[in-house]
Amino acid sequence: MTTQPSSPSTAARAVDLTKIYGKDDTQVVALGGVTVEFTAGAYTAIMGPSGSGKSTLMHCMAALDSSTSGQVFVGDTELSKLGDKELTRLRRDKIGFIFQAFNLIPTLTAKENITLPLDIAGRDVDKEWFDTVIATVGLADRLSHKPNQLSGGQQQRVACARALVSQPEIIFADEPTGNLDSRSGTEVLSFLRRSVREFGQTIVMVTHDPNAAAYSDRVLFLADGLIVDEMTDPTAEKVLERMKGFDAVGQQA
Amino acid sequence: MIRATLKSLAARKLRLAMSAFAIVLGVAFVAGSYVFTDTIDRTFDDIFGGLSSDVVVRPDLPGETDIFAGFATGTTTTISSDLVDDVADLPGVERADGEIENQSFFVLDTDGDVMTSQGAPGIAVNWHDGPAADGDPVLRLVDGDLPAGPGEVALDDRTFERSGYRIGDEVEFVSTGDEPRLTAELVGVVRFGEGGSLAGASLSVFETRYAQELFVGGDDAYNRISVTAADGASAEEVRDEISAILPDDFEALTGAEVDEETASAIEEGLGFFNTFLLVFAAIALFVGVFLILNTFSILVAQRSQEMALFRALGAGRRQVTRSVLLEALVVGVVGSTLGLLLGLGVAQLLKTVFGAFGLELAGGLVLLPRTVVVAYVVGIVVTMIAAYVPARRASRVPPIAAMRDDVVATESSRRWHLWIGGALTLLGAAAMATGLFADVDDAALMVGAGIFAVFIGVALLAPVLATPVLRVVAGWYPKAFGTVGRLARENALRNPRRTAATASALMIGMALVTAISIIGASANATVDRALDDGVRAQFVVSNAVGQPFSPSIAEAASQVDGVDEVVPVRVSGGVVDGDQTFLQAFDPVAYGRAADLPMVEGSDDLSGGGFLIGEQQAESEGLSVGDTVRLQLPGSDEEIELIGIYGQSPLLSGGVIVSTQTLEDGAVPALDSLLYVIADDGADLATVHEGLDEVTAEIPTVTVQDQEEYKESSRDQVNQLLYLVYALLGLAVLIAVLGIVNTLALSVMERTREVGLLRAVGLSRRQLRRTIRLESIAIAVLGAVLGVALGLIFGVSLQRAIADDGLDQLSVPGGQLIVFVVLAAVIGVLAAVWPARRAAKLDVLRAITTE
Ligand SMILES: Nc1ncnc2c1ncn2[C@@H]1O[C@H](COP(=O)(O)OP(=O)(O)O)[C@@H](O)[C@H]1O
Ligand SMILES: [Mg+2]
């Protein structure tokens with residue numbers, strides 16, 4: 001039994017996490033026993049070839065999907081024991097999300113989208129913190145716009161602001177720059193970087209772009225549902241180099 | 001790939017099933033109406049078809065159809081037995097049987113209650129064994145003996161079975177004769193025709209001499225002769241042979257002619273009922289069209305990306321349109337088929353309900369080819385039209401839209417909506433105004449047509465009206481419900497056209513309900529006012545079954561202690577200047593003491609004959625005092641003079657008034673329909689009431705009511721009618737509810753990713769359900785508000801239009817209207833149950849990652 005409390009500096013962790021889709025001969029092992037910790041106040045990138053289980057890991061960690069076996073902790077809370085109500089509350093209060101696309105409710109303004117998790121929870125918006133976040137993402141003059149009046153980059157920045165404004169314990173981002181041109185992507189990435197450095201936010205980001213990974217503190221490499229390597233203080237070149245190695249291994253196998 | 005295809009197909013199937021459901025309901029109502037009325041027709045054909053003898057001789061009544069039978073008063077003219085013998089002696093005649101028939105002779109069951117259901121006649125006849133035209137006897141003895149003399153009776157088997165009597169028992173009857181109450185020993189049971197069904201009527205059979213005593217004043221006379229032709233003689237020949245020897249006021253008809261006359265009279269009566277059902281079928285369909293149209297619009301909008309892709313791959317516009325129409329055709333065929341089946345179910349249900357009320361319909365349901373054709377034509381055509389509009393719109397989706405994320409259907413068609421909607425509304429309003437304020441003949445028709453136009457017009461304008469109304473209806477949501485409320489409000493507002501189209505169905509139902517309730521309340525108010533202001537008589541004596549009663553009651557009532565005066569009122573049909581007319585007969589001077597009868601011109605003394613007429617009627621007929629009209633009654637044909645014109649009078653709708661003597665001279669049986677009883681000054685009303693009760697106790701169907709009771713009972717009648725109409729309109733509302741369910745469910749599907757996102761960032765299932773519920777309430781209340789507003793205008797206009805026909809009090813049941821709106825909100829809650837549950841069940845992850 002691995003039920004000992006997480007060390008204070010761990011925002012979320014997984015122990016021997018497996019996720020298997022389908023049954024019998026159509027079985028797909030998306031995660032084959034992953035044990036990993038995400039340190040509070042750190043910016044972690046998850047990389048790996050397509051189909052390696054990055055999204056699955058993120059969904060299981062973020063209380064969006066259930067695991068087949070193993071344990072997931074967000075803070076001190078173990079997820080597998082929770083029902084839908086508790087999971088919903090956990091997502092609302094402790095987790096922030098940034099998806100690749102379709103992050104915003106089209107009928108709400110940018111401002112309403114940003115405060116959505118707080119409004120749902122019935123929590124007051126911390127005005128000072130809100131202004132800080134808005135200033136950081138640079139959206140002050142766009143707050144009353146509806147999503148369809150915003151560019152893709154602006155929409156992703158609104159999504160980032162939404163994830164930040166409720167001050168969650170951890171933010172999960174699944175390829176947040178996947179749909180953006182490189183300039184908008186850079187804006188979003190540097191914004192995420194700043195939120196870690198300046199506000200001590202914990203961020204886990206899935207990406208397949210070595211340049212994006214270079215913004216992080218630590219990179220985890222996933223292949224065939226297992227963590228096969230990790231790298232601290234990455235640069236785009238080093239990540240690219242490592243990726244090539246996996247491809248080669250993958251081709252040999 | 002296959003999985004994805006199957007999945008999308010399954011999702012589509014559900015959507016198609018929902019749109020098919022609208023067609024099913026609409027068609028079911030149409031088919032059900034036809035099947036039911038055809039079944040009634042068949043029942044009556046069975047009962048009356050082929051039951052007449054070869055030739056029938058009867059008194060010649062004026063008018064085309066037998067209007068006099070409608071008042072169950074008939075004629076006192078009889079046929080002497082000498083004439084029967086003369087007819088029997090003719091060479092072409094095998095036999096001639098004198099017949100006696102009375103239609104107001106009711107059997108009481110062992111509990112003392114009248115056995116026939118409301119409106120059905122209680123028939124009494126004399127026994128004879130003459131055959132019908134087909135050679136079979138009309139009546140057959142199935143048990144016991146034939147009545148052989150005074151005090152003996154045989155009953156038809158259906159009545160016998162329900163009555164609780166056994167052979168040998170004393171059976172009780174009430175009649176309109178001088179002896180209102182009678183008992184006779186039950187000696188036998190007879191069967192009428194083949195099946196024995198009399199459609200709710202009862203049949204009592206007496207020996208001829210005794211029947212003559214009871215019904216024709218003891219003379220050796222008859223009401224009718226049934227003639228059987230000799231071998232080799234045709235009915236037509238025999239008819240002509242008889243006609244040659246008949247006195248002027250009698251006629252001879254072949255059995256086929258009589259049957260045809262009976263059938264057309266019944267058809268006319270049923271035609272009203274049929275029309276009534278079909279009007280509601282039309283409303284159901286009209287509402288259904290909105291539902292179908294709406295559903296297809298959404299379906300096509302959701303698929304416009306797919307269609308744009310087709311277009312990008314080189315499919316022509318027409319191909320895209322055709323594919324949608326093909327789909328509509330399939331849905332239409334399936335929907336019509338199911339609707340037809342459901343319609344049979346509806347007809348069966350109606351039949352059962354009628355059976356429970358005593359109107360038994362023998363045999364199975366009648367499904368004519370015509371019904372099948374109408375069901376399919378209606379179902380398919382409506383669906384194709386409903387699909388064509390969105391299909392055309394879809395074909396206009398530019399191929400480039402395939403690449404875009406969210407496709408908004410082109411807005412251009414919205415403009416013609418507005419133009420046509422505006423034009424129709426204005427035209428309709430103009431027609432209504434013309435009907436109301438200008439001097440035209442068919443005011444009510446004008447107003448009705450105007451209402452219909454305004455209906456469609458406003459439905460087309462609804463998208464424009466929807467936004468401001470929704471801002472009010474759902475405006476308070478964010479304040480009261482926070483984010484959930486804001487989401488609900490925005491969802492209701494995001495596609496006003498869709499919201500409006502969804503609400504339109506409910507709007508129509510609500511408008512009709514509101515208009516009808518205003519008419520009902522006005523009718524009640526009119527009666528109340530009439531009684532309060534214009535009636536001085538403290539009591540009204542009337543017959544609950546709607547049958548007239550013997551004048552002996554009026555006589556007895558006038559002897560009751562504390563009764564000052566009794567004013568009897570009689571009614572009859574008559575032919576005035578060639579038109580069939582409803583006549584009332586009373587002494588206007590006495591009537592003036594019981595109720596208001598202000599004379600405008602001339603005299604109100606009818607003791608020397610003549611007639612009175614209402615002010616408005618006189619004007620529209622161009623009559624003034626001193627003019628004469630030709631009045632034909634069963635036994636008279638004479639010119640009578642207009643001697644007076646009366647003004648607005650409660651309880652009189654301005655029609656022709658003659659003296660009772662005039663009716664009696666015209667051979668209309670002396671029967672009262674209503675008595676006004678005026679009590680002595682200072683008499684104790686409770687005692688008088690009791691005294692009158694005693695007098696009428698003999699006849700259970702005749703009741704004494706004071707003003708309050710009379711108001712109550714006429715209110716009950718109005719309300720019963722209202723409830724019936726409400727029940728039928730309930731169906732329109734049901735379809736409207738389904739429309740809301742449909743739209744919400746489709747919207748939820750459309751917003752799957754949005755739902756996923758909301759759930760991901762922490763919206764609980766409960767909050768999600770509430771969001772959808774609030775949206776649903778907004779749609780329902782929008783429909784209700786528009787509907788009640790329209791209904792108010794319609795109801796008030798209709799009341800104004802028919803104010804001159806007697807409905808002169810306007811009453812708007814405000815409390816009721818508020819209840820309607822509240823009910824609409826409840827409907828909204830109910831409509832949201834299923835879509836909300838579906839949305840809440842969505843798997844969060846799958847919803848986010850869905851395409
Ligand atoms: N809902 C699902 N059902 C079946 N297999 C799935 C499902 N989701 C993902 N998979 C499989 O699990 C593996 C990991 O998927 P994913 O985590 O989405 O990979 P990545 O995000 O790294 O590209 C893949 O082989 C994928 O095909
Ligand atoms: Mg992925």
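A:Gln167 counts as partly exposed, with a relative accessibility of 47%, where partly exposed lies between buried (under 20% relative accessible area) and exposed (over 50%), using a 1.4 Å probe and protein chains only. This is a predicted model, in which local features need pLDDT of at least 70 and side-chain atom pairs count only at pLDDT 80 or more, while totals for chains, interfaces and linings use all residues. Residues are numbered from 1 along each chain as its sequence is written, chains are lettered from A and ligands numbered from 1 in the order in which they are written, and side-chain values use heavy atoms, with hydrogens and water left out.

Here is a friendly tour, by topic.

**Chain A overall**

- Chain A has nine helices and 10 strands; helices (H or I, at least four residues) and strands (E, at least two) are DSSP runs, numbered from the N terminus.
- The radius of gyration of chain A is 18 Å, in agreement with the value near 18 Å for a compact globule of 253 residues; the radius is taken over C-alpha atoms, and the globule rule is 2.2 Å times the number of residues to the power 0.38.
- Along the principal axes, the C-alpha atoms of chain A fill a box of roughly 55 × 40 × 35 Å.
- Buried residues account for 52% of the 253 in chain A.
- Of the contacts in chain A with a separation of 6 or more, 68% are between residues 24 or more positions apart; a contact means heavy atoms within 4.5 Å.
- Chain A exposes about 11,300 Å², and carbon and sulfur atoms supply 48% of that area; accessible areas come from the Shrake-Rupley method with a 1.4 Å probe, and for residues only the protein chains shown count as cover.
- The 25 positive and 32 negative charges of chain A have mean positions 4 Å apart; Lys and Arg count as positive and Asp and Glu as negative, without His or the chain ends, and each charge is placed at NZ of Lys, CZ of Arg, CG of Asp or CD of Glu.

**Chain B overall**

- The secondary structure of chain B comprises 24 helices and 24 strands.
- Of the 851 residues in chain B, 54% are buried.
- In chain B, residues 24 or more positions apart make up 82% of the contacts with a separation of 6 or more.

**Positive phi values**

- Most residues other than glycine have a negative phi.
- A:Gln167 has a positive phi near 45°, and its place is the loop between helix H6 (152-165) and strand E7 (170-174) of chain A.
- B:Ala667 has a positive phi near 65°; B:Ala667 sits in the loop between helix H18 (660-665) and strand E23 (674-679) of chain B and is buried at 8% relative accessible area.

**A:Phe102 and its partners in chain B**

- A:Phe102 belongs to the loop between strand E6 (95-98) and helix H3 (110-114) of chain A, and its 26% relative accessibility makes it partly exposed.
- Leaving out residues up to four places away in sequence, A:Phe102 touches B:Arg753, B:Glu754 and B:Leu757.
- A:Phe102 and A:Pro147 are 45 residues apart along the chain, with 9.7 Å between their C-alpha atoms.

**B:Leu445**

- B:Leu445 is in helix H12 (residues 443-473) of chain B and is exposed at 61% relative accessibility.

**Cysteines**

- The count of disulfides over all chains is zero, a disulfide being a pair of cysteine sulfur atoms within 2.5 Å.
- A:Cys60 is buried at 2% relative accessible area, and A:Cys160 is buried at 1% relative accessibility.
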